[in-house]
Amino acid sequence: MRVKPAGSSAVLVCLDDPDQVTGLYRELQSAPPAGYVDAIPAAETVMVLFDPARTQAAAIAAWLESASSRAAGTHSADADRAAPLVTIPVRYDGPDLAEIASQTGLSIEEVVYRHTANEYVVAFCGFAPGFGYLTGLDPMLCLPRRTVPRTRIPARSVAIADRFASVYPSTSPGGWHLLGSTEAVMWDLRRQPPALLAPGARVRFEVAK
Amino acid sequence: MSTASTAKTASAASAASAAGNGCARTAGGPPPAVAAIEVLSPGPLTTVQDLGRPGLASVGVGQSGAADRASLRLANRLVGNPEAAAALELTYGGLRIRFAADATIALTGAPCPGAPMNGPVHIRAGQELAIGIPGEGLRTYLAVRGGIDVPEVLGSRSTDVLSGIGPPVLEKGMRLPIGTRTARFPNVDLAPPQRLGPAVLRVLPGPREDWFVPDALSTLTDSAYVVTKDSNRVGVRLDGSELKRSVLRELPSEGVVTGALQVPPGGAPILFLADHPVTGGYPVIAVVIDADLDRAAQLRAGDAVSFRPAARP
């Protein structure tokens with residue numbers, strides 16, 4: 001990892017992959033250093049915001065170095081078990097189901113089976129409030145984004161793209177492949193926290209009854 | 001109207017309302033139960049702002065809040081509010097309001113002609129207040145004793161113009177309730193006038209200065225930039241010397257902070273303000289230090305701005 005300066009009250013931690021991001025973010029959540037304000041996990045980085053009246057960039061950087069090696073030493077399965085688990089029921093009737101099957105050479109039933117078999121982790125959020133990028137997707141289901149994005153994807157669409165799974169929290173344009181939809185409310189401003197999927201959370205998809 | 005003296009406008013409107021409005025309450029009667037501000041004209045852009053909603057960036061919600069935080073805090077102190085109380089943030093002034101009950105207000109930030117700046121002002125029920133267009137600076141803050149009491153969204157009354165979270169932007173006819181949560185009045189009744197002066201903003205390099213050609217940082221700090229008209233609470237778009245990249249591959253989106261100078265492919269930097277996106281996909285060459293962010297929030301279209309290296313903390 002490398003810690004880079006980002007102004008007078010933040011540092012940017014550069015990592016190799018989303019799993020390291022999740023590990024470091026969980027360390028920040030479980031026992032944050034003095035002066036910690038917030039963190040923004042992303043695909044290969046964590047932006048760590050601090051209060052310069054209470055700490056210094058050097059002290060935060062030193063804490064992050066040791067937290068990063070602690071995270072690397074922790075068996076990720078142990079850390080996973082401690083994180084909250086969110087189960088999302090899915091109606092697998094998305095418009096891209098047949099195309100995903102033909103592109104992966106799987107049957108539709110097998111696509112659904114592989115999407116529900118694994119446990120996912122929310123590595124980071126982005127794109128829109130409450131849009132979580134979930135790692136743990138079956139490698140057989142990893143497909144590049146659609147060549148032509150859709151102009152309108154309904155809220156609560158369950159989707160995959162690249163090595164990530166997600167659920168669209170609100171209606172928006174997008175280029176992900178649509179597997180189906182869920183009744184789960186991904187984003188609600190009247191709820192605290194508003195996002196159903198926060199970084200570090202574990203997620204399972206199941207076939208809606 | 002826009003440059004009318006506030007005091008004159010207020011008394012004239014008050015007299016008109018007493019003479020022409022049969023519903024006006026009688027002098028000396030009890031104050032109305034609900035103190036509120038009625039928006040007669042919102043001006044170019046007026047929003048409710050407090051100190052924002054920190055701590056939600058990980059789920060994609062930015063901090064938002066007053067762009068010029070020092071001016072918001074000062075306005076609140078002058079009316080005896082907690083510093084974090086919600087107030088009005090005017091962009092290019094132009095706000096016209098009427099008070100339903102007696103109130104104590106203070107205006108800070110960009111100075112508007114005729115408006116009593118930097119000190120508490122008592123307003124009587126029924127009075128109108130017309131605020132002109134500032135001659136310099138961009139954002140004026142109007143605090144009311146008790147605070148603007150619109151409902152909180154995720155712990156804040158700030159309008160985030162990027163995500164749409166928070167109370168709606170002010171519109172004609174809107175009624176803004178005034179709260180009751182106050183602190184002690186300060187021992188002064190006038191703050192020293194703030195002079196804006198030339199915009200020289202101090203920057204710290206990084207986090208992605210190594211994605212640019214070696215002399216890009218000195219280009220940034222040695223040349224003058226001009227604020228373009230498509231600037232807003234999200235960011236100040238700048239025109240000037242191109243900051244050339246050496247690394248041309250795509251940057252995976254990463255967290256960004258207020259004050260970040262993000263450089264899109266055209267090479268002209270964008271200085272992120274309060275409502276900036278939580279993550280961005282263009283490299284950030286340098287970040288304006290926190291101490292200079294309030295000055296940055298007063299930059300208006302056409303202003304010259306220069307950047308200087310900051311001392312390492």
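Predicted model: local features only at pLDDT ≥ 70, side-chain atom pairs only at ≥ 80, totals over all residues.
A:K209 is exposed, at a relative accessible area of 93%, whereas A:E206 is partly exposed, at 32%. Over all chains, the count is 26 salt bridges, while the number of disulfides is 0. The model has an ipTM of 0.85 and a pTM of 0.87.

**Salt bridges within chain A**

- A:R91 and A:D93 form a salt bridge through their side chains, at 3.0 Å from N to O.
- The two partners fall in separate classes of accessibility: A:R91 counts as exposed because its relative accessibility is 52%, where the class begins over 50%. A:D93, at 44%, counts as partly exposed.
- Another salt bridge pairs the side chains of A:D162 and A:R145, with an N to O distance of 3.4 Å.
- This pair ties together distant parts of the chain, as its two residues are 17 residues apart. A:D162 sits in the loop between strand 9 (157-161) and strand 10 (164-167) of chain A, and A:R145 in the loop between strand 7 (132-135) and strand 8 (150-153) of chain A.

**Where chain A meets chain B**

- The interface involves 35 residues of chain A, which are in contact with 29 residues of chain B.
- About 2300 Å² is buried between chain A and chain B, and 64% of that area lies on carbon and sulfur atoms.
- Between chain A and chain B there are 3 salt bridges.
- A:R2 and B:D210 are joined by a salt bridge between their side chains, at 4.0 Å from N to O.
- A:R2 and B:D210 also belong to a network of salt bridges that takes in A:K4 and B:E209.
- Polar contacts across the interface of chain A and chain B number 9 residue pairs, with both residues at pLDDT 80 or more.
- On the side of chain A that touches chain B, the elements giving two or more residues are strand 1 (2-5), strand 2 (10-14), strand 3 (36-41) and strand 4 (45-50) of chain A.
- Strand 3 of chain A supplies the largest share of that side, with 5 residues.

**Cysteines**

- Is A:C14 buried or exposed? A:C14 is buried, with a relative accessible area of 10%.
- A:C125 is buried as well, at 4% relative accessible area.

**A buried glutamate in chain A**

- A:E27 lies in helix 1 (residues 18-30) of chain A.
- A:E27 counts as buried because its relative accessibility is 16%, and the class covers values under 20%.
- Which residues does A:E27 touch, leaving aside its neighbours within four places in sequence? They are A:P32, A:W63, A:A67, A:R70, A:A71 and A:T74.

**Chain B: make-up and confidence**

- Chain B contains 4 helices and 18 strands.
- Chain B has 313 residues, of which 53% count as buried.
- Chain B has a mean pLDDT of 88, with 89% of its residues at 70 or more.
- Where does pLDDT stay under 50 in chain B? This is the case over residues 1-27, for which the model has 34 contacts beyond four places in sequence.

Technical notes: Residues numbered from 1 in each chain as written. Chains lettered and ligands numbered in written order. Heavy atoms only, no water. Buried < 20%, exposed > 50% of the residue type's maximum accessible area, 1.4 Å probe, protein only. Disulfide = S-S within 2.5 Å. pLDDT = per-residue confidence, 0-100. Contact = heavy atoms within 4.5 Å. Buried area = accessible area lost by both parts, 1.4 Å probe. Polar contact = N/O pair within 3.5 Å; in protein donor to acceptor, adjacent residues only side chain to side chain.
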